[in-house]
Amino acid sequence: MDFISEDKRTINLPVPLGTTVYGYLTVCCDACMFQKEKFKEIFGDVPGRCGKDKPCHTRLTGIQTIAVNLKNIDAVLEGWHKDIFETFNEAVQAGIKYTTENRKKTDKSRNKA
């Protein structure tokens, strides 16, 4: 979704400022630590030790509430419909889908070990 107008002067927010939106939280299964070589072989050289964008994030730990404001608008727009959603249920469903897909990826890496 593009939130910025063609003339780059207007940002069209998906929700009004002050709205509560929801993001899912995940943690990793430490596959990169326990299967370092196999993890690197399957997923390549994943930069950084850990982060929610890594394939080892296989556990959904919760849903956070985020009040949309001028300080976090960049993060909200960047994560919109990726890991930040308008409703709690959308965030839950997306978090389940994300962690399920990552479990399939890490299970493949275990099976190839």
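Hi everyone, let's begin with a strand pair: β1, residues 20-28, runs antiparallel to β2, and nine bridges join the two. Here, strands count as paired if DSSP finds at least two bridges between them. The elements themselves are DSSP runs numbered from the N terminus, with helices being H or I of at least four residues and strands E of at least two.

A quick word on the source: this is a predicted model, where local features need pLDDT of at least 70, side-chain atom pairs count only at pLDDT 80 or more, and totals for chains, interfaces and linings use all residues. Residues are numbered from 1 along each chain as its sequence is written, and side-chain values use heavy atoms, leaving out hydrogens and water.

Back to that pairing: Thr 20 sits opposite Ala 67 of β2. How many strands does the open sheet have, and in what order? There are three, ordered β2-β1-β3, with antiparallel pairing. Because β2 (57-67) and β3 (84-85) each have a single partner strand, they stand at the edges, and one side of each lacks a neighbour in the sheet.

Now to the backbone angles. Most residues other than glycine have a negative phi. Lys 8 is not a glycine, yet has a positive phi of about 60°. Lys 8 lies in the segment before β1 and is exposed, at 68% relative accessible area. His 81 also isn't a glycine, and its phi is positive, near 60°. You'll find His 81 in the loop between α3 (73-79) and β3, partly exposed at 40%. For those labels, buried is under 20% relative accessible area, exposed is over 50%, and partly exposed is in between, using a 1.4 Å probe and protein chains only.
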